[in-house]
Amino acid sequence: MIMAIYCAMDFKSCSSVLAMVFGVATMLPHAPAFAKTSTFPFQPDEKLMVDIMKAKNVEYFLMLNKQKGQMLLIADGKIIQKVSALSGHKKGDATDIPMTTPAGIFPLNITSDQSDPNAALIFFERNNGTVDAIHRVINVAGENRENRLQSSSASFKRVSHGCINLSPKDYITVSNFANNSPSVLTTPTGEKTPPQSYLVVLPERTTPSKFFGMPTHQFPQ
């Protein structure tokens, strides 16, 4: 078993990790059901991204707002929960910049046993064979990650090599949501993907509409 499946720098071979730990992508169940007892207000870019995803036929997904240091659980066009999240040390949206958490819409590769302390939700493979993932916070000497998660300062939460770190409790909440929120995404050419859970990472150098090339008039009203 591969141990310490956490920061991008720790993944020496994505293909080996996927074969030994994750296997093929998990086939997810249908018809997610979540309690809507409370919702949270959107930031403008968050609402814009929800509209973009709705236009793609996806209303259940995870969203990372790096500038706020938060992971959002989106269900039926609403934020049903927010949790503190650590992300890449450097600001940026491109997929080829080290120490950043890239922006984009990413299908999640979910392990079958989320109770395993080494479990992770892989969302991106880099050209050098490393991968970025959502996982439980780890203790890295000199980085004080657990305390960073509890901070109200978003800039203090920029510390990882590209992975997204959550508290152990929040990781279970997020992984359970992901395991029960498959969506069929409509591609730009009109094709539909198999059922899959998605992570959206908001861009921070531009707006979602510019990043994804979708003019406002395409959004549903």
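**Exercises on a sheet and its aromatic contacts**

In this predicted model, the bridge partner of N109 within β7 is I122.

**Exercise 1.** Determine which strands make up the open sheet, and which of them are edge strands.

*Solution.* Step 1: the open sheet contains 4 strands, in the order β6-β7-β8-β10, and its pairing is mixed. Step 2: β6 (109–110) and β10 (164–166) each pair on one side only, and these are the edge strands. Step 3: β6 pairs with β7 (residues 120–125) in the antiparallel sense, over 2 bridges. In general, strands of a sheet pair through backbone hydrogen bonds, either parallel or antiparallel.

**Exercise 2.** Classify the ring pair formed by F211 and F212, and state whether each residue is buried, partly exposed or exposed.

*Solution.* Step 1: the ring centres of F211 and F212 are 4.9 Å apart, and the cut-off for a pair is 6.5 Å. Step 2: the planes make an angle of 75 degrees; angles over 60 count as edge-to-face, so this pair is edge-to-face.

**Exercise 3.** State how many aromatic pairs the model contains, and identify which residues ring pairs link into a cluster.

*Solution.* Step 1: the count is 3 aromatic pairs. Step 2: the cluster linked by ring pairs consists of F106, F123 and F124.

**Exercise 4.** Identify which residue lies over the face of F156.

*Solution.* The residue is R148, at 4.3 Å from the ring centre of F156; the distance cut-off for a charge over a ring is 6 Å.

Definitions and conventions: Residues are numbered from 1 along each chain as its sequence is written. This is a predicted model: local features need pLDDT of at least 70, side-chain atom pairs count only at pLDDT 80 or more; totals for chains, interfaces and linings use all residues. Side-chain values use heavy atoms; hydrogens and water are left out. Two strands pair if DSSP finds at least two bridges between them. Rings of Phe, Tyr and Trp (its six-membered ring) pair if their centres lie within 6.5 Å; planes under 30 degrees apart count as stacked, over 60 as edge-to-face and the rest as tilted. A charge sits over a ring if NZ of Lys or CZ of Arg is within 6 Å of the ring centre and within 35 degrees of the ring normal.
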